[in-house]
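Here is a friendly walk through one structure, starting from a single residue and widening out to the sheet around it. Have a look at the picture first, then read on.

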Amino acid sequence: MQPARKLGEIFLRREPESVSSARAMVRDLLGVQHPAYEQVRLAVSEITTNAVEHSTPGPVGDLVMVALKVVNDFIYVEVTDPGSASSKPHLRDGPSPDAEDGRGLFIVDELSSGNWGVRDFGAVGRTVWCAIPAEPATPVEEAAILTVRPE
């Protein structure tokens, strides 16, 4: 196993506008021509959205950290937030087509082929991570279908 190579990280405020900054980081670090760009961008967007919406300010502040690393043939996405005493990230059972939310980790699970998890640090927060193949077998068009949400 090769050592991890950090591509970059960004600290963001725990607010909805930060999600677009996280997506821009992916574009800046990977570039739109990278074969895993769309998958990584979508995973970052979904995990960061969850961090912003479901975490609460903690003793270490109100920031969310998004980091990208390369390990072997995978791009690791890590999003660290202050955590929440009232909720923990979990995969919902097949979200309803009519639901307006609840798809985030389902999408991440699909993009990473189940290769994701949560590291809980108690009072200092948590990290949700996933590993996306650097050369995904799934065409971008199929991955884009996962983002379709009812209007």
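Setting aside neighbours within four places in sequence, R13 is in contact with S18, D62 and L63, where contact means heavy atoms within 4.5 Å. R13 itself lies in strand β1. Is R13 buried or exposed? R13 counts as exposed because its relative accessibility is 53%; the cut-offs are under 20% relative accessible area for buried, over 50% for exposed and partly exposed in between, using a 1.4 Å probe and protein chains only. V52 sits 39 residues from R13 in sequence, yet their C-alpha atoms are 8.3 Å apart in space.

A quick word on where this comes from: the model is predicted, so local features need pLDDT of at least 70 and side-chain atom pairs count only at pLDDT 80 or more, while totals for chains, interfaces and linings use all residues. Residues are numbered from 1 along each chain as its sequence is written, and side-chain values use heavy atoms, with hydrogens and water left out.

Now for the sheet. Five strands make an open sheet in the order β1-β2-β3-β5-β4, with antiparallel pairing. At the edges are β1 and β4 (116–120), each pairing on one side only. From one strand to the next, the twist averages 15 degrees. Strands here are DSSP runs of E with at least two residues, and helices are runs of H or I with at least four, numbered from the N terminus. Two strands pair if DSSP finds at least two bridges between them.

Strand β2 (residues 63–71) is mostly covered, with 7 of its 9 residues buried. Its antiparallel partners include β1 (residues 5–13), joined to β2 by 8 bridges, and β3 (residues 74–81), paired with β2 over 7 bridges. Here are some of the residues that face each other:

| Residue in β2 | Opposite residue |
|---|---|
| V70 | R5 |

Helix α1 (residues 18–30) touches β1, β2 and β3, and its direction makes about 160 degrees with that of β1. Helix α2 (residues 37–54) touches β2, β3 and β5 (126–133), at about 10 degrees to the direction of β3. For these angles, axes are lines fitted to C-alpha atoms, for helices over the stretch in contact, and values run from 0 to 180 degrees between N-to-C directions.

How many residues lie between β2 and β3 in their hairpin? There are 2, and N72 in the turn has a positive phi of about 50 degrees.
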